[in-house]
Amino acid sequence: MARPWRAVVGLRARLMVAEQAAVARAVEAQVQVQEVVAGPVLVVGPVLERERVVALAGEPERVQALGLGLGLGLGLGLGLGLGLEPGLELELELEPGLELEADLALAPDLEADLEPEPVLEVAPVALAAPAEVAEQGLAPGAVPVAARVGPVVRAVDPAVVPPGVSRTRGQSMMNLDALVEPDRVHKTVYTDAAIFDAEMEKIWERIWVYCGHLSQVPNPGDYHAVTIGRQPMFMVRQADGSVQVLHNRCPHRGVQLVGNLKGNTGHSIVCSYHAWSFHLDGSVRAIPLAQGYEGTRMTRDNPDCGVKRAARVESYRGFVFASLSDDGPSLKEFLGEARVAFDDMCDRSPVGEVEVVPICHRVIQHSNWKFFMENQLDALHPSVTHQSTGIAAGRVEKRLKAQQEKVPLYYHYLSAFASSFEQWDSVQTINFPRGHGILKAYMGLRPQDPDTLAHEALLKHAYGEQRAEEYLSRSIHHVLIYPYLSVQSPLQQLRCLRPIAPDKTLSEIWHFRLKGAPEAIYRRSLWYYNLVNSPATMINADDLENWTKGQWGLQSNGGDWVSFHRYFGDDREEGGVTYSSHGTSEAVMRSQFRAWSTYMAS
């Protein structure tokens, strides 16, 4: 099997630009290496992680893939992957004084010559200078790069290319089996930039991603900006009451069309740069001085002159999702059984609807997005991580019970975190095929106080006693929509992740009102929002610290694997759904990485 390798070697190349002077900047010019001269390359200062100076080889039957790039000999460069094929030509923009760089994936027989590591002792592989092509029987133009492997200065740290990842073709070629095993995963799935880029492409920019709630854009022209993967987008209410999700980019010169998180565009969307204007659905409305575009492709009848839309937009119970992929499951299919998150929240309203509270806590987590998702259904950590807060709240709660008949429910929100290990181990998790999951109820959130009874009476009047009891008896604390959404439906909380980098994640924290429910019920939601989920709370601060330290640990050389062994083999599976026999089982993480592997293999 081909394996990537990378070495610092002493090669410099003179470049020939077809029909251009070599010293001039050539745009989309066809470039070939004319001559390669062996000799040491001086590397100044510390060599960075992505160092690639030169490593070239020639025989096409022994070199399976070649990645080329340009650099300054300082460990920096931009690479481009390509396969070796007859007559291959390379298009680049060039500046004088640059050096050629490359990565190689070698055939197994040649790969054996590179053992043992880490020092690479590579004899000359082939010469492919024009005069020697005929002598070796190679087809003319079969090797457009005339080069040979020269003396090795030193090898690059093998950790630069993690197990299961090849970067020889300009992208990460992943052997998922080498990264994800049934009971553990390699640390690089949390730290590697190329893996993160692949996640954005294969997961976020293909699946259904939460954009917001219909109540955030009640009027025509109202918009809410959102990021889907790496794409800036905005959700905008149409004149007919529907909602569209558009790319936040003018098709003229690329300027973002909306600059705020929310607002109203008026009857049309107007670019602030050159006043191109668009209807609310993104179609072009007017092009200033349109006669200047006559005879070009940029005319109103060209669909490319409109704002690009998300491929698909759907909503469920007022929650709006978009997908940038033309195909794939419907929103309802994607949510599967996890749509109970929205049913449970909305069904607690006597009119079956919620509305967003227009205050959002936004937190930058200095950790990979997976830490958050694993943590939400991790029933082992609360009694450890949140012990100090839980015990302190429990003491106050106990003292108040001795002094007065009624104790505010919000003390219980905190004291429950200090439940015993045995109590947490008795809470079940349910894990669905797409990585979604449920942590069943563990808090007592149905006290028999006047406010609760008044709320229940409204539900019984609206739905009938039997259905109201069915709604109120659901055993749910947390529902996860993998890989980015955490919904605590009994308390109307929603947290959404927007990954930024392998070690940086934006977390949006929202809460909702139950339409038609007593104000006291909303106040309970507000207390939980501020006491538990706010960035100022002690609970959230505990988690943020652990995730940051976890990211630091995984970036170190202290070990290569992340363990998910707890109660491995003890789970019960029925119809593709995994039920944990113990609340503290790491079945949640194992289920999430099964889904991750499926997405990444697509």
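Modeller: I start at Arg-317, which is partly exposed, with a relative accessible area of 30%. This is a predicted model, and the values below are computed from it. Arg-317 sits in the loop between strand 22 and strand 23 (319-323). Its phi is positive, about 55°, although Arg-317 is not a glycine. Most residues other than glycine have a negative phi.

Leu-289 is a further case: its phi is near 50°, again a positive value in a residue that is not glycine. Leu-289 belongs to the loop between strand 21 and strand 22 (312-316). With a relative accessibility of 66%, Leu-289 counts as exposed, because the cut-off for that class is over 50%. Arg-317, at 30%, falls in the partly exposed class.

Another backbone feature lies elsewhere in the chain. The peptide bond between Tyr-482 and Pro-483 is cis, with omega of about 15°. Pro-483 is in the loop between strand 28 (478-481) and strand 29 (485-488). Most peptide bonds are trans.

For a helix contact, take helix 8 (residues 369-376) and helix 17 (residues 587-601). Their axes are 9 Å apart and the packing angle is about 135°. The two helices are therefore oblique to each other. On the helix 8 side the contact involves Trp-369, Lys-370, Met-373 and Glu-374, which meet Met-589, Gln-592, Phe-593 and Trp-596 of helix 17. Sorted by class, this contact has five nonpolar, one polar and two charged residues.

As for the whole protein, it has 17 helices and 34 strands. Of its 602 residues, 51% are buried. Among contacts with a separation of 6 or more, 68% are between residues 24 or more positions apart. The protein exposes about 27700 Å², and carbon and sulfur atoms supply 52% of that area.

Notes. Residues numbered from 1 in each chain as written. Predicted model: local features only at pLDDT ≥ 70, side-chain atom pairs only at ≥ 80, totals over all residues. Heavy atoms only, no water. Axes fitted to C-alpha atoms, helices over the stretch in contact; angles between N-to-C directions. Helix = DSSP H or I, 4+ residues; strand = E, 2+ residues; numbered from the N terminus. Parallel < 35°, antiparallel > 145°, perpendicular 65-115°, else oblique. Contact = heavy atoms within 4.5 Å. Nonpolar A, V, L, I, M, F, W, Y, C, P; charged D, E, K, R; others polar. Buried < 20%, exposed > 50% of the residue type's maximum accessible area, 1.4 Å probe, protein only. Areas by Shrake-Rupley, 256 points an atom, 1.4 Å probe, with all protein chains shown as cover.
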